[in-house]
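Here is a brief report on one protein model. Keep the sequence and the 3D view open while reading.

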Amino acid sequence: MRPSRPPHPSRREVLVAGIGAALAQSLSALAQSPRMLTRPIPSSGEALPVIGMGTWQTFDVGGAANERAPLAQVLQKFFDSGARLIDSSPMYGRSEAVVGDLLKQSGQEKTPFLATKVWTRGKAEGAAQIQASLQKMGHGRMDLMQVHNLLDVDVHLPVLREMKAAKKIRYVGVTHYLRSAFDDLEKHIKGGKLDFVQLPYSLAMRDAEARLLPAAKEHGVAVLVMEPFDKGNLFRKMKGRPLPDWAAEFDCSSWAQFFLKFILGHPAVNCPIPATSDPAHLEDNVKAGFGRLPDEKLRARMVKLFES
């Protein structure tokens with residue numbers, strides 16, 4: 001289980017840094033490239049928009065209108081941008097059901113690429129949880145089902161492969177958030193016949209670059225990136241610092257876009273999945289999926305800046 005996250009940092013204080021020439025460059029790029037960038041899922045070739053959305057904590061709310069209204073706006077702005085992938089888990093409290101309810105109310109049940117997880121022990125328990133998730137979040141459908149934190153993975157993966165063969169789900173994956181699990185993740189990437197792996201990767205936590213991302217690229221496994229802002233630590237680190245002028249070289253106008261574009265600059269990554277319940281933050285996040293991305297030289301410069 002993931003540890004509880006610290007309170008969300010104030011992005012509004014850092015969002016305005018560096019706007020000016022960089023913003024003009026970004027808006028120009030958006031006008032010229034109105035569709036979000038996509039990358040193919042290696043196992044199928046299906047094009048997947050490069051910015052997704054997580055639901056950890058942010059969608060775990062009650063039924064009150066004042067709790068759900070901002071999330072409905074987040075989803076609408078998300079889809080309006082061309083983004084599609086929404087990731088959840090039974091571990092995330094009411095998040096699966098809230099996503100499902102909001103999609104049904106909006107009439108957009110078929111719009112997203114839906115991803116969730118199995119997070120329990122035992123074959124029967126796993127099967128029951130999977131069916132519950134399909135109904136809560138997907139109203140009977142699911143694109144990607146993952147084994148959450150590799151819990152009882154040797155029991156659940158064969159079940160998920162059978163479901164894929166029977167066309168009850170479309171893709172199979174595994175996830176973990178701990179560095180100590182990277183050896184096991186690598187083993188499954190190389191031999192698990194996976195479509196997806198979900199792992200942590202950011203400017204602050206680049207361990208996946210050593211073996212996991214190259215292995216995913218070599219073995220045709222799509223990569224979803226959790227914790228792209230390192231639990232908000234990236235914003236705290238750069239608070240008060242202006243966005244560098246050279247961020248305009250890859251159409252970047254905010255620190256959030258800077259952090260996400262660093263991730264997308266790695267060719268093995270398909271889609272980071274930042275979580276938010278704030279419509280303004282969502283609008284900022286999805287802009288990272290437009291325009292140019294940093295090359296290796298610029299990514300090295302981004303690391304140097306972050307470590308300075």
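The model is predicted. The protein has 12 helices and 10 strands. Of its 308 residues, 57% are buried. Among contacts with a separation of 6 or more, 77% link residues 24 or more positions apart.

**Strand 9**

V197 stands opposite V223 of strand 9.

**Helix 3 and helix 11**

Helix 3 packs against helix 11 with an angle of about 20° between them and their axes 9 Å apart. The angle is under 35 degrees, so helix 3 is roughly parallel to helix 11. The crossing is right-handed. The table lists the residues that meet.

| Helix | Residue range | Residues in the contact |
|---|---|---|
| Helix 3 | residues 65-80 | P70, Q73, V74, K77 and F78 |
| Helix 11 | residues 279-286 | P279, L282, E283 and V286 |

Which classes make up this contact of helix 3 with helix 11? The contact has 6 nonpolar, 1 polar and 2 charged residues. Q73 is the polar one. K77 in helix 3 and E283 in helix 11 are the charged ones.

Terms used:
Residues are numbered from 1 along each chain as its sequence is written. This is a predicted model: local features need pLDDT of at least 70, side-chain atom pairs count only at pLDDT 80 or more; totals for chains, interfaces and linings use all residues. Side-chain values use heavy atoms; hydrogens and water are left out. Axes are lines fitted to C-alpha atoms, for helices over the stretch in contact, and angles run from 0 to 180 degrees between N-to-C directions. Helices (H or I, at least four residues) and strands (E, at least two) are DSSP runs, numbered from the N terminus. Angles under 35 degrees count as roughly parallel, over 145 as roughly antiparallel, 65 to 115 as roughly perpendicular and the rest as oblique. A crossing is left-handed if the near helix is turned anticlockwise from the far one by less than a right angle, and right-handed if clockwise. Contact means heavy atoms within 4.5 Å. Two strands pair if DSSP finds at least two bridges between them. Buried means under 20% relative accessible area, exposed over 50%, partly exposed in between (1.4 Å probe, protein chains only).
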